[in-house]
Amino acid sequence: IHPEWSADWAVKLGGLMDGMLIIPDHAEVARRIKHALPHARILVVLRNQYDWFRSMYLHYLPYFPVEHRFFIDFLNTLEGKAAMYAASYDRLLETYAACFGRENMHVMILEEMASNEENVLRKLCKFLNVPFFPMDQSKADKNEGSSTSRSLMPIQRPTLSRLLQKFSSIFRIPVSRDRLSILTATDEAFIRSFYAVSNYRASVWLDQDLAHWGYPI
C-alpha cells in the first residue's frame, strides 16, 4: 500500500530517502500497462529539463523555509529526486519501445508544439488515425505556471529581488525568457551535465537534435 501523494512528505527537507519513492521504474510501469492494455499505443510528451525543473522548483518554493530555498534543496527532496530520474528521457523511450514496439509509440516535443502547433498536431492525428481539426485557441485552457515573485527569492538573488519589487510586472514573462531569474548559472550547469548524455541518446533515438529545442546536450 503506497501513501497518497502529499507535499507534506514529497518535498520534506531532510526526509528519509526511500528508493521505492525516488526512482520511477519505467520497465515495471510499462509491463503493467502492457498487461492491462496489450494493444495500447504510447504517446510521450517531452519538455526540456531546464524549463521543467524551473517550473517544479517555483511551484514548491513556498513549502520551504526561507533559508532552504536553493535549487539543491529541492533536488534533495523525494519529489526532486524522482523528477531527476524521470527526466532521463532516453531510458523511458528505450524501455517503452522494447515493451510496445517503436511503431506503437509517438513522441511530441513540447517546444516544437509551441513553435508549430498545427504541424505537430497533424502528425499526432496521423499516428492516431483520426481526422485533423485545428485547435480553437480562444477555448484553450492554459496553465501559466508560477511567476518569480519577490516573496520567493530573497536569498538567491538579492539584487534581482530589489528589481522585482520595483518592476514586478516586467518580470512576469514567459518561462523561456525568465529561466535565469530563478535558476543560477551553477544550477543550469548541473542540469546540463546531468542530462547531456541522456539527451544525446534520446536525440539519436528520435533522429532529431533536441539541442535545437533548448535541451541540454
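This is a predicted model: local features need pLDDT of at least 70, side-chain atom pairs count only at pLDDT 80 or more; totals for chains, interfaces and linings use all residues.
**Helix α6**

I started with α6, which runs over residues 89–100 and has 12 residues. From first C-alpha to last I get 16 Å, close to the 16 Å expected at 1.5 Å a residue. Next I looked up which residues of α6 are buried: Y89, D90, L92, L93, Y96, A97 and F100. They cover an arc of only 165 degrees around the axis, so they sit on the same side of α6. What do they pack against? I found α2, β1, α3, α5, β2 and α11. Just after α6, I noted that G101 takes a positive phi of about 90 degrees.

**Salt bridges**

How many salt bridges are there in the whole structure? My search turned up 6.

Then I looked at E118 and R122, whose salt bridge is 3.0 Å, N to O. They are 4 residues apart in helix α8, which means about one helical turn separates them. E118 is partly exposed at 43% relative accessibility, and R122 is partly exposed with 43% as well.

Last, I turned to a network: salt bridges that share partners join E28, R31 and R32. Within it, R31 and E28 meet at 2.8 Å, N to O. These two are 3 residues apart in helix α2, so about one helical turn lies between them.

Key. Residues are numbered from 1 along each chain as its sequence is written. Side-chain values use heavy atoms; hydrogens and water are left out. The expected span of a helix is 1.5 Å times one less than its number of residues. Buried means under 20% relative accessible area, exposed over 50%, partly exposed in between (1.4 Å probe, protein chains only). The arc is that of the directions from the helix axis to the C-beta atoms. Contact means heavy atoms within 4.5 Å. A salt bridge is a side-chain nitrogen of Lys or Arg within 4 Å of a carboxyl oxygen of Asp or Glu.
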